[in-house]
Amino acid sequence: MNKSGVPKIHKTYHIPLNMFDDAFLQFQKKFVYPTNIALSVILAAIAGVYIHAVIKDSSQTLAYLLIMVCIALILVRWYKTFKLRKAVHDALQDVEQDSYELKIWDAGIWIHIQDAPKIAETAENTVEEPAAETAESPQEEQAENGFNAIFPEEPAETEEPIPPTEIPFGDGIRILEYPDYFIVYILKQNFYIIPKKDFDAAELEQMRKLFGI
C-alpha cells in the first residue's frame, strides 16, 4: 500500500464493548443469517417431504428419524450462531480498554491496536481472563459462521506486539456504514470497527469519499 505523504485522516479512538456487540450482530445479520436462513428453508422443506410421507403412512419409522434430524440441524446451526456471539462478547471484555490508531490514505487504511496498560494482579484481586474462543471446536465453528477471526489472538508475554494492519482499498475490501460506526470488512475473514463518535462532521464526510460510500 502506498503510504507516501501525510494521511488524509489520522486519529486515535476507543471502541466501547456495546459497540463491539452491535457491530458483530450486524456482521452476522449481513453475512451469516442469510446462509442460516437458506439452510433452514432447505432442511424444513426436506422435513416437510417426510412429514407428508408420515401422514400417508405412519408406519415409516425412518421418516420420523429424518424429520428429527432436519429439525436438530436447524436448531444446532442457529444455536452455534448465538453461542459464537456470546463467546465473542466474553473475549472482547479483555480488550475493551485498548485504543486504536487510524490512518487513512487514498490507497487504503492503516490500523494499529494499542494495548491498554495492564493492572498488576494480586492474590486477593485475580480476574480470570475470558477465553478468546469458548466453542468446543472454535476454528471449525468460526468457519461455519462466515469468518475466521475478528481479531488476531493476543500474543504471549514473550512475543512481539501485534504489528499494524494495512488494508489497501480494492475488491477484497467492503466498508459498511451504520448510524454509529463504519465496519471495514475483509473477505469474510476479519473486520474492523471505526466509531463515528471520535470524528467531526468534516472528517466523516471525507471518510465516506475515501471509502466510496
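Among contacts (heavy atoms within 4.5 Å) in the chain between residues at least 6 apart in sequence, 70% join residues at least 24 apart. The model is a predicted one, in which local features need pLDDT of at least 70 and side-chain atom pairs count only at pLDDT 80 or more, while totals for chains, interfaces and linings use all residues. Residues are numbered from 1 along each chain as its sequence is written, and side-chain values use heavy atoms, with hydrogens and water left out.

The chain contains 5 helices and 7 strands, taken as DSSP runs numbered from the N terminus (H or I, at least four residues, for helices; E, at least two, for strands). Their order along the sequence is β-α-α-α-β-β-α-β-β-β-β-α. Of the 213 residues, 37% count as buried, where buried means under 20% relative accessible area, exposed over 50% and partly exposed in between (1.4 Å probe, protein chains only).

Helix α2 (residues 33-56) packs with helix α3 (residues 61-92) at an angle of about 165 degrees, and their axes lie 8 Å apart. This angle makes α2 roughly antiparallel to α3; angles over 145 degrees count as such, those under 35 as roughly parallel, 65 to 115 as roughly perpendicular and the rest as oblique. Axes are lines fitted to C-alpha atoms, for helices over the stretch in contact, and angles run from 0 to 180 degrees between N-to-C directions. The residues of the contact of α2 with α3 comprise 19 nonpolar, 4 polar and 2 charged. Here Ala, Val, Leu, Ile, Met, Phe, Trp, Tyr, Cys and Pro count as nonpolar, Asp, Glu, Lys and Arg as charged, and the others, Gly among them, as polar.

A47 belongs to helix α2 and counts as buried, at 7% relative accessibility. Leaving aside residues up to four places away in sequence, A47 touches I67 and C70. The C-alpha atoms of A47 and A63 are separated by 8.6 Å, with the two residues 16 apart along the chain.

In helix α5 (residues 201-211), the buried residues are E203, L204, M207, L210 and F211. Viewed down the axis of α5, these residues fall within an arc of 120 degrees, so they line one face of the helix; the arc is that of the directions from the helix axis to the C-beta atoms. A201, A202 and K209 are exposed on the other side of α5. The buried residues of α5 pack against β1 (9-14), β2 (99-104), β3 (108-114), β5 (173-177), β6 (181-186) and β7 (190-195).
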